[in-house]
Amino acid sequence: MGDCQVTEWSQWEQCSVTCGGGQQSRSRSVSVQPANGGAACPTELAETQGCNADACPTTTAAPTTTTTTTTGPASSYVGCYNNVGTVSGSRPSFYVRLVEKAGITADGCYNNCSGYAYFGLINGNQCACANTYGTYGTSSVCAGGVGGKNAVDVYKRNY
């Protein structure tokens, strides 16, 4: 007679969000199937739990007088705008061109968006270039001039 054997539980996966309440899971698997009338395998091979339930910090958009002047002509800060709508499947509204680069700055984004009237930063690792902005309204999740989750800090090129 051989009882079912299962592996130890895996480590909890990373939480789906850093704040505001997310989910994380862990799993185990059957390593030996029962034989000759041995004890059955458990049905619970995966667990999910809540995580990072603390409220997210709130931020406000920087004043519209912020100016980036390190490279090329100055650019003026416009504000923080939602980049996606609340309807499932909404497409990003801001960019025509998107450059992904960890730690990109407003100056770096300015240089990547030659020929566009506006440029913006999303989550501190994406530079968006466009000629319009604001389709989904303003947002309050931008932080430090580098955008936020589904939000873009928009700058206007002052040609």
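This is a predicted model: local features need pLDDT of at least 70, side-chain atom pairs count only at pLDDT 80 or more; totals for chains, interfaces and linings use all residues.
Cys4 and Cys41 form a disulfide, a pair of cysteine sulfur atoms within 2.5 Å, and here the two sulfur atoms lie 2.0 Å apart. The pair bridges distant parts of the chain, 37 residues apart: Cys4 sits in the segment before β1 (5-6), and Cys41 in the loop between β3 (30-32) and β4 (46-51). With 105° about the S-S bond, this link is right-handed. Cys4 is buried, at a relative accessible area of 15%, whereas Cys41 is partly exposed, at 22%. Buried denotes under 20% relative accessible area, exposed over 50%, and partly exposed in between, with a 1.4 Å probe and protein chains only.

Residues are numbered from 1 along each chain as its sequence is written, and side-chain values use heavy atoms, without hydrogens and water.

The structure holds 4 disulfides. Another joins Cys80 to Cys142, S to S 2.0 Å. Cys80 belongs to strand β6 (residues 75-82), and Cys142 to the loop between β9 (126-130) and β10 (151-157), 62 residues apart. Both are buried.

Cys109 and Cys127 are also joined, S to S 2.1 Å. This pair connects helix α1 (residues 106-112) to strand β9, 18 residues apart.

As for the overall fold, the protein has 1 helix and 10 strands, where helices (H or I, at least four residues) and strands (E, at least two) are DSSP runs, numbered from the N terminus.
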